[in-house]
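Colleague: I'd like to learn how to read a predicted fold piece by piece. Can you take me through one?

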Amino acid sequence: MRTKTIKISQGTIGKSNPKYAGMHLIADFWDGDITESKKEIRKILIEAAKRARSTPLKLVIHKFKPQGLAAILLLEESHISIHTWPEIRYMAVDIFTCGAKTQCHQALEYLKEILHPKKVTLTKLKRGLTQDNQRRR
């Protein structure tokens, strides 16, 4: 089954070729595969970072009782996090990357491939307008 993605908003700041500190993707995954395995989430987040061309620094995973988990992978270029609510078949996904080489959209596409959400709601934010572009406004 194909995933339906609904784009909520895209931050737009400035005009002529603006420079940003980073791109922040905030996604809601509904009715996909939700794992309760710390080992599996670790593997998924490390691969998402690799796809984003980012450097993992530290991973923290907390398993809630009776279900659900929160995981955040700190990156040299910011972070990727997943929070799960299995009881409502929902996952909150947060990908924030900075730097010219990062590919946050590639991480999102990988997470969609591996977790199979039936519906994705996506908000994109361009964060941290640089000083040069602020002066032009």
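Colleague: What is the mean pLDDT of the chain?

Modeller: pLDDT is the predictor's confidence in each residue, from 0 to 100. Here the mean is 88, and 82% of the residues reach 70 or more. Take care with residues 8-16, where the pLDDT is below 50. That stretch still has 18 contacts in the model beyond near neighbours in sequence, a contact being heavy atoms within 4.5 Å.

Colleague: And how many helices and strands does the chain have?

Modeller: Helices (H or I, at least four residues) and strands (E, at least two) are DSSP runs, numbered from the N terminus. The chain has three helices and seven strands, and along the sequence they follow β-β-α-β-β-β-β-α-β-α. Of the contacts with a separation of 6 or more, 68% are between residues 24 or more positions apart. As for burial, 41% of the 137 residues count as buried; buried means under 20% relative accessible area, exposed over 50%, partly exposed in between (1.4 Å probe, protein chains only).

Colleague: Which strands does β2 pair with?

Modeller: Two strands pair if DSSP finds at least two bridges between them. β2 (residues 20-30) pairs with β7 (residues 119-129) in the antiparallel sense over 10 bridges. β2 also runs antiparallel to β6 (residues 90-98), with nine bridges joining them. To find your place on screen, pick Ile26, whose bridge partner in β7 is Thr123, then Ala27, whose partner in β6 is Val93.

Colleague: What about side chains along a strand?

Modeller: In a regular strand the side chains alternate between the two faces of the sheet.

Colleague: Why does Ser81 count as buried?

Modeller: Because its relative accessibility is 5%. Leaving aside neighbours within four places in sequence, Ser81 is in contact with Ala71, Ile72, Ala92, Val93 and Asp94.

Colleague: How many residues sit between β3 and β4 in their hairpin?

Modeller: Five, and Gly68 in that turn has a positive phi of about 95 degrees.

Colleague: Is Ile61 buried or exposed?

Modeller: Ile61, in β3, is buried, with a relative accessible area of 15%. Apart from neighbours within four places in sequence, Ile61 touches Lys38, Ile41, Arg42, Ala70 and Ala71. Ile61 and Lys39 are 22 residues apart in sequence, with C-alpha atoms 9.6 Å apart in space.

Colleague: Which residues other than glycine have a positive phi?

Modeller: Asp31 has phi near 60 degrees, and Arg89 has a positive phi of about 60 degrees. Asp31 is in the loop between β2 and α1 and is partly exposed at 34% relative accessible area. Arg89 lies in the loop between β5 and β6 and is partly exposed too, at 37%.

Colleague: Last one: how do I read helix packing?

Modeller: Two packed helices are described by the angle between their axes and the distance between the axes. Axes are lines fitted to C-alpha atoms, for helices over the stretch in contact, and angles run from 0 to 180 degrees between N-to-C directions. For α1 (residues 38-51) and α2 (residues 104-115), the axes come within 7 Å and cross at roughly 145 degrees.

Colleague: And which residues meet there?

Modeller: From α1 there are Ile44, Glu47, Ala48 and Arg51, and they meet Gln106, Ala107, Tyr110, Leu111, Glu113, Ile114 and Leu115 in α2.

Methods
Residues numbered from 1 in each chain as written. Predicted model: local features only at pLDDT ≥ 70, side-chain atom pairs only at ≥ 80, totals over all residues. Heavy atoms only, no water.
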